[in-house]
Amino acid sequence: IAAYRKAFVVKMQEDLTERATKQLQAIAAFEANMGSAMQDLVVREAAASFKEKFPTDKGMQDKAFSAAVKALSGAQVEVAEDPVAKHFADAFQSLQGVDLATSKADAKGTLAERVAFAQQAKEKEFQESFMVTAKEAEEVRSLASKAKSGQDYDFSKLPADALQRLEALYSSINTKVGYALPDSLGIKSIAATSDGSANSYVDKVNAQLEGAALKLRDARLKAFVQAF
């Protein structure tokens, strides 16, 4: 029994380390992809805004013609003289000092507003993927209140659908934060035999296993809801 308990604890430690490591790797990958996606977005949005503006802006068209003639003559064209270069330079400059997390977001607005819209959408996706949301926390507290029994909890009081939902929240939230605890003792019930006298003993063992499994369930759910 002592050897089994030690092996069980070691397995728990390994599972916890593996889950946490994978989650940290997932977070790092998400952040790296988000940074790359933002860079691509800035270029795409700047190009899109130029395409929208140029056909109807005679001033830009005239400058483009003058810049082209000057370039053909072999003279150097300054950024301010080239409507394409100037548009991109102005667009990138408009992002300087802008807090994309809190600034106005508009998918059809200025470049800064478009990028802010995309940035805030990514931030929301990050929070929903790797953080406990206020809605989830409130739902856990609501379910826990229904299982409250004095100063303790009695999860057998919960309707089957409520208990199932609490278990789902337990799994999804722990997955988000990279935490792992065993859902069971890892021991299956013993099948009945053809020996009637032996089955009496088997039933007792299975009853003890079921009782231990329920205690483990209550202990982990209690620790879970107390965190909220």
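**Notebook: aromatic contacts and nonpolar cores**

I began with the rings and found that F30, F126 and F130 form one aromatic cluster. I took rings of Phe, Tyr and Trp (its six-membered ring) as paired if their centres lie within 6.5 Å, with planes under 30 degrees apart counted as stacked, over 60 as edge-to-face and the rest as tilted. By this rule I count eight aromatic pairs.

I note that this is a predicted model, in which local features need pLDDT of at least 70, side-chain atom pairs count only at pLDDT 80 or more, and totals for chains, interfaces and linings use all residues. Residues are numbered from 1 along each chain as its sequence is written, and side-chain values use heavy atoms, with hydrogens and water left out.

I checked confidence next. The average pLDDT (the predictor's confidence in each residue, from 0 to 100) is 84 for the protein, and 95% of the residues score at least 70.

I returned to the rings and examined one of the eight aromatic pairs. I classed residues as buried under 20% relative accessible area, exposed over 50% and partly exposed in between (1.4 Å probe, protein chains only). Y170 is buried because its relative accessibility is 4%; F224 is buried at 7%.

I also looked for charges over rings (NZ of Lys or CZ of Arg within 6 Å of the ring centre and within 35 degrees of the ring normal). The charged end of R220 sits over the ring of Y170, 4.8 Å from its centre. Likewise, the charged end of K148 sits over the ring of Y153, at 4.4 Å from the centre.

I then turned to nonpolar cores (buried Ala, Val, Leu, Ile, Met, Phe, Trp, Tyr and Cys residues joined through side-chain atoms within 4.5 Å). The largest has 16 residues, and F155, L158, L166, F224 and V225 have the most contacts inside it. Helices α5, α6 and α7 each supply at least two residues of this core, and the largest share, six residues, comes from α6. Another core, of ten residues, lies apart from it and includes L41, V42, A112 and A118.

Notes: Helices (H or I, at least four residues) and strands (E, at least two) are DSSP runs, numbered from the N terminus.
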